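User: I would like to go through this structure term by term. Please set each value against its definition.

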Amino acid sequence: ERQGIYVRKIDQDGTIDTLKNMQLIPGDFELYQLEVRIVISVPAARLAAQRRTEDDIRKLNECYDNFIRCPFSTPEEVEQNGRWEALLHHLVTEAAHNPILSRINESVNALVEKNNSLVHPNLMNEKGWIEHIQKQHRTIIDAIANNDPKLAGDTLRDHLVQSFQKIAGINPKLVKDTKYQYLINENGSKYINL
């Protein structure tokens with residue numbers, strides 16, 4: 001019997017449903033979901049690079065292949081493409097093999113799906129953007145496969161921050177105006193003033 005991966009909506013329990021239906025104005029949502037994803041997903045990618053199995057790599061590659069093959073011409077295709085990307089992020093965290101982290105990640109993935117439904121329609125129209133994030137995802141998967149936790153975590157962090165910057169440039173109304181300045185890159189300079 002062939003095992004596979006499937007794109008699905010995550011609605012399994014009250015915790016996930018609570019996060020999915022959380023009422024935040026869009027600017028608040030973008031900022032807060034970015035913070036949560038950096039706190040949870042980046043260290044998870046580093047753990048995944050240390051703990052992954054060959055089955056994890058197979059699932060990541062299968063999901064990646066579906067993500068890059070998924071068209072994005074119609075609103076339905078854009079939504080499906082966003083689901084494949086959300087699943088890819090979910091599988092990275094699952095590869096960390098920590099059952100508590102996996103449970104938390106189910107809720108975080110609801111945020112990823114919500115974020116993708118908000119921003120993917122605009123981002124997909126940006127010249128070169130889809131190719132850029134496909135390359136970032138490929139780098140993350142390869143870093144996990146090659147047991148390189150630093151590259152896996154750093155690339156995922158760059159992906160999240162650059163996505164936030166792109167969203168801010170396209171639609172400043174989606175980004176809350178705040179004075180937080182906590183996103184620092186490797187050489188000590190700020191990625192973005194939040």
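Analyst: Start with helix H7, whose 22 residues should span 32 Å at 1.5 Å a residue. The expected span is 1.5 Å times one less than the number of residues. The end C-alpha atoms of H7 are 32 Å apart, so the two values agree. This is a predicted model, in which local features need pLDDT of at least 70 and side-chain atom pairs count only at pLDDT 80 or more, while totals for chains, interfaces and linings use all residues. Residues are numbered from 1 along each chain as its sequence is written, and side-chain values use heavy atoms, with hydrogens and water left out.

User: What makes a run of residues a helix or a strand, and how many of each are there in the protein?

Analyst: Helices are DSSP runs of H or I with at least four residues, strands are runs of E with at least two, and both are numbered from the N terminus. The protein has seven helices and two strands. Their order from the N terminus is α-α-α-α-α-α-α-β-β.

User: Why is His90 called buried?

Analyst: Buried means under 20% relative accessible area, exposed means over 50%, and partly exposed lies in between, with a 1.4 Å probe and protein chains only. His90 has 11% relative accessibility, so His90 counts as buried. His90 lies in helix H4. Leaving aside neighbours within four places in sequence, His90 is in contact (heavy atoms within 4.5 Å) with Asn105 and Asn109. Buried residues make up 48% of the 194 residues in the protein.

User: What makes a set of residues a nonpolar core, and how many residues has the largest one?

Analyst: A nonpolar core is a set of buried Ala, Val, Leu, Ile, Met, Phe, Trp, Tyr and Cys residues joined through side-chain atoms within 4.5 Å. The largest has 35 residues, and Leu60, Phe67, Leu88 and Ile144 have the most contacts inside it. Helices H2, H3, H4, H5, H6 and H7 each supply at least two residues of this core. H6 gives the largest share, seven residues. A second, separate core of seven residues includes Ile40, Leu101, Val108 and Val112.

User: How do you know that Arg138 lies over the face of Tyr64?

Analyst: A charge sits over a ring if NZ of Lys or CZ of Arg is within 6 Å of the ring centre and within 35 degrees of the ring normal. Arg138 is at 4.8 Å from the ring centre of Tyr64 and lies over its face.
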